[in-house]
Amino acid sequence: MQSDIERVLFDGAAIHKRLDEMAAQITGDYPDRELTVIAILTGSLMFMSDLLRRIPLPLKLDCLSVASYQGKTTTSGEVLFKQLAVPDVAGRDVLILDDILDTGQTLTTVRKRLETAKPRSIRVCVLLSKKKQRAQDVNADYIGFEIDDEFVVGYGLDFMERYRNLPYIGVLRKELLEQSNQ
């Protein structure tokens, strides 16, 4: 797997340092309040686990399983929810966690779905945000790292369900992406 990586963008130490900073900011923004965290699976799993252990607040955790890439390198534009019901967030402070803000399709769709349940507030936290024009006008309140518009894997992010277990975030070699599109 290591040989499939063009270059490492963020090693484990850099990721954990940034998570410490993000956790401190989130903790400061929700003093004396219980937080409801909605993690978008499966890409946010590593991020969620490491970030939430750093937040010393009472919180509830739920997960939404959605798909927008379906094994491709670009989103289909359609966000499919893999469960029928959304978590009960009425009157709650909600923090949506996702691995990457790319086109904005997933976060826009999830946010709209959660807003129908009338939460007190909704904020968005992403590990990565691509510097690019988005299909949807959506911003994250908390961003781990901004990256160029490249296909990245590791630390939960995958390509065809592989590479999630890499302890760093790296750019996948372009020829591997091209081979999959043939």
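Salt bridges come up 21 times in this structure, each one being a side-chain nitrogen of Lys or Arg within 4 Å of a carboxyl oxygen of Asp or Glu. The model is a predicted one, so local features need pLDDT of at least 70 and side-chain atom pairs count only at pLDDT 80 or more, while totals for chains, interfaces and linings use all residues. Residues are numbered from 1 along each chain as its sequence is written, and side-chain values use heavy atoms, with hydrogens and water left out.

One of the salt bridges sits within a helix. E21 and R18 meet through their side chains, with N to O at 3.1 Å. Both residues belong to helix 1 (residues 12-29), where they are 3 residues apart, or about one turn of the helix. Helices (H or I, at least four residues) and strands (E, at least two) are taken here as DSSP runs, numbered from the N terminus. E21 has a relative accessible area of 37%, which makes E21 partly exposed; the scale calls a residue buried under 20% relative accessible area, exposed over 50% and partly exposed in between, using a 1.4 Å probe and protein chains only.

Another salt bridge joins D149 to K130, and here the closest N and O atoms are 3.4 Å apart. D149 is in the loop between strand 7 (142-147) and strand 8 (152-153), whereas K130 is in strand 6 (residues 121-130), so this pair ties together parts that are 19 residues apart in sequence.

Elsewhere, salt bridges with shared partners link E6, R7, E150 and K174 into one network.

Next come the aromatic rings. What does a search of the whole structure find in the way of aromatic pairs? The search turns up 2 of them, where rings of Phe, Tyr and Trp (its six-membered ring) pair if their centres lie within 6.5 Å, and planes under 30 degrees apart count as stacked, over 60 as edge-to-face and the rest as tilted. F10 and F145 have ring centres 3.8 Å apart and planes at 20 degrees, so they are stacked. This pair links distant parts of the chain, with F10 in strand 1 (residues 5-10) and F145 in strand 7, 135 residues apart. F10 is buried at 15% relative accessible area, and F145 is buried as well, at 12%. The rings of F151 and F159 have their centres 5.6 Å apart and their planes at 80 degrees, so that pair is edge-to-face. F151 and F159 are both buried.

On the cysteine side, the structure has 0 disulfides, a disulfide being a pair of cysteine sulfur atoms within 2.5 Å. C63 is partly exposed, with a relative accessible area of 25%, but C125 is buried at 0%.

Two strands pair if DSSP finds at least two bridges between them. Strand 1 and strand 9 (residues 169-172) have 4 bridges in the antiparallel sense; among the bridge partners, V8 goes with G170 of strand 9 and I5 with L172. Strand 8 pairs with strand 9 over 2 bridges, again antiparallel, and V152 has V171 of strand 9 as its bridge partner.

Stepping back to the whole chain, the secondary structure comes to 4 helices and 9 strands. Read from the N terminus, the elements run β-α-β-α-β-β-β-α-β-β-β-β-α. Of the 182 residues, 50% count as buried. Contact means heavy atoms within 4.5 Å, and among contacts between residues at least 6 apart in sequence, 68% join residues at least 24 apart. The accessible surface comes to about 9200 Å², with 48% of that belonging to carbon and sulfur atoms; the areas come from the Shrake-Rupley method with a 1.4 Å probe, and for residues only the protein chains shown count as cover.
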